[in-house]
Every structure is written in C-alpha cells, then in structure tokens.
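Hello,

Here is the structure we talked about handing over. Please have a look, then read the notes below it.

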Amino acid sequence: MKWKRGRSGDRNVIDIRGAKKGGASGGGGFGGMGGMSGGGLPIPSAKGKIGGFIGIVIVLIVIGTQVFGGSSGSGTGYDIGSILAGAGTVPGADNPSPIPASEDPDADLKDFSAYVFTDSQQVWRKAFRQDGQPWRDAQLVLYSGAVSTGGCGNATSAVGPFYCPADNRVYLDLSFYKDMKNQLGADGDFAWAYVIAHEMGHHVQNLGGIHDEVARARRQESESANEISVRNELQADCLAGVWASTVFNQLEPGDLDEAINASEAVGDDRLQSRGGGSVNPDSFTHGTSAQRHHWFQTGFESGDPEKCDTFSGDI
Ligand SMILES: [Zn+2]
C-alpha cells in the first residue's frame, strides 16, 4: 500500500509502550518493514456510497430489537475473550513518554499503523458528518505486553488487537504483526491494515448503536450468543472492506490478497485447527475463514456500508 509518513503524532494516537507495566513482554525485535516507504500518494476517494450508512444502522437496530428485544446495558470489548469486566484507566492517557523514533525498532510499523488508523477515521468521520450524524473520534493506543482500559478491564497482548466501546479506543500491541506473519501466515502491510480497519469498524458499529444491541442480545440469548458475535464480527470485516475500497488508488499488487489471506487466517475454523483441536462451529465467535473472506470482499467490492447487513439472512 502506498502511504505517507508522519501521522504518529496525531493527537488520537497514544503510545504508551514506553510506560512499563508489570509483565510487559515488549514488542521489540521487529526490524522494519521493507517496501513500505512512502511515495506519491493519491488523494483517497470513496468510490462507494458511504453516506448512506446511517440508514443501515437504523435498520439494523430495528432488526436487532425485534429479534433480540431487551433492555440496554454495556458489554465488554470486541475481540477479547478473556478481559475481566471492571474499570481501569489507560496509564498516562496523554502520550507519557513515547519512545524516540530513532530508538524505536518498530518506528515504521507505528507510523504505518497511525496512517491507517487516521485515514480510516477520516473516511468514517466524513461519512457520518455527511449524514448529519454525530461523530466521536476513536483513539489508537499502542501498548506493550499489558494494558488497562477505560471500562473493558485489563488485557494482555495475548488477546490480540481489540476495540473497547467504553472508551472508544483501539488497543494494539505491535508485536501482533509479527505473530500474524510467523504464526498465522498472514504477511504484508495490507494484512495489518485490514486488522486496524476491522477494529475501526467496531468503532463505527459502536457509534451506530450496534454495540449496545449486540451486548443486549448476547446477555439475553445465551444459546445464540456466539452467532450474534459472529454476525457482529463479520460486519466489522465488511466495514474494513468498505474502507479498503476508499484507498483503492493506493493499493499495490498483492495488497488485496494480503488482506483476504489475513481475514482467512483469523477465521475460527482455521484457528481451531491450528490449535490442534477439532473444529466446533458452536464455539465460533468471529466466523469461518470463508465467511470472513466473503464479507471483507463484499465491503471492498461494493464500497457500500449498506451491503454490510450481516444481521439478517444467511452469512
Ligand atoms: Zn472484531
């Protein structure tokens, strides 16, 4: 992907990797990202109809209410199975003492992450404003090893990247990039971009009211809680695809394959087989490789959030 450096300083990017917490493992050792240098950067242009998104959000809420019913409440973060419910705060919420770029082995990865995060945020912010809907900025927290969130409890990097709806923050340990490459076979800058865009998709869902409905449904429908979770995750994949369509002009050969490969690599069936166990669809929370591939591609090809209705019909 062609991209431009220099967004690490965005005020919504919070780097607390230098703030040592107990048990922090550190994400060092990643030796730069060849081929990801900046270059002529075309202005991203949405080829789809993102402006119509709010309509689909409302439709989904209605569907959710009909299907799931119930009262409101908050839930835990997305993509995290093991985070304890409980309050906490991000230490030094205002960039305590970021590692100087010259001493940061992950400086390139940080800069690229900040670029994708900021770009996707701009795309969605614009879409919401065009629809006259209120937007609230998300923040990207780069941590190392372990982190306390503002309402989703504590987490270690073992849970992977996640979004906390209570504090509107995406949490990333940059070491996950290495894990994706070495353990999941998902390599490439656009694989990483897909991960970040997926988490931003959860923020869009949160602002659109999807999160509350999903949390409510999970509590009330214990039998179908996993299916609700899968539908929710597939929508985030689809929204990631919609964002990817807006950077179409910046894509390089192989980029799309990298994202699709990554979406398949994190399918529940693939992960369960890799874990050595049998594949148990009832325990899926994110969807199969085929489903994740399908919904990312649906978002990418349509560029239209309205096509991201994963809550009705077959998935
Ligand atoms: Zn997710």
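**What was found**

Trp192 is buried, with a relative accessible area of 0%. Buried here means under 20% relative accessible area; exposed means over 50%, and partly exposed lies in between (1.4 Å probe, protein chains only).

A word on the source. This is a predicted model: local features need pLDDT of at least 70, side-chain atom pairs count only at pLDDT 80 or more, and totals for chains, interfaces and linings use all residues. Residues are numbered from 1 along each chain as its sequence is written, and side-chain values use heavy atoms, with hydrogens and water left out.

**Overall**

The protein chain has nine helices and six strands. These are DSSP runs, numbered from the N terminus: helices are H or I with at least four residues, strands are E with at least two. Of the 315 residues in the protein chain, 54% are buried. Its accessible surface is about 12700 Å², and carbon and sulfur atoms hold 49% of that. The areas come from the Shrake-Rupley method with a 1.4 Å probe; for residues, only the protein chains shown count as cover. Take the contacts between residues at least 6 apart in sequence: 81% of them join residues at least 24 apart. A contact means heavy atoms within 4.5 Å.

**Aromatic pairs**

The rule first. Rings of Phe, Tyr and Trp (its six-membered ring) pair if their centres lie within 6.5 Å; planes under 30 degrees apart count as stacked, over 60 as edge-to-face and the rest as tilted. That gives ten aromatic pairs. In one of them, the ring centres of Trp3 and Phe112 are 5.2 Å apart and the planes stand at 75°, so the pair is edge-to-face. Trp3 sits in the segment before β1 (13–15) and Phe112 in helix α2 (residues 107–130), so the pair ties together parts 109 residues apart in sequence. Trp3 is buried at 0% relative accessibility. Phe112 is also buried, at 0%.

Phe176 and Trp192 make a tilted pair, 6.5 Å centre to centre with 35° between the planes. Phe176 belongs to helix α3 (residues 175–183) and Trp192 to helix α4 (residues 189–207), so this pair ties together parts 16 residues apart in sequence. Phe176 counts as buried at 17% relative accessibility.

One aromatic cluster is formed by Tyr194, Phe248, Phe296 and Phe300.

**Helix α7**

In helix α7 (residues 255–265), the buried residues are Asp255, Ala259, Ile260, Ala262, Ser263 and Ala265. Their cover includes α3, α4, α8 (268–274) and α9 (289–302).

Best wishes
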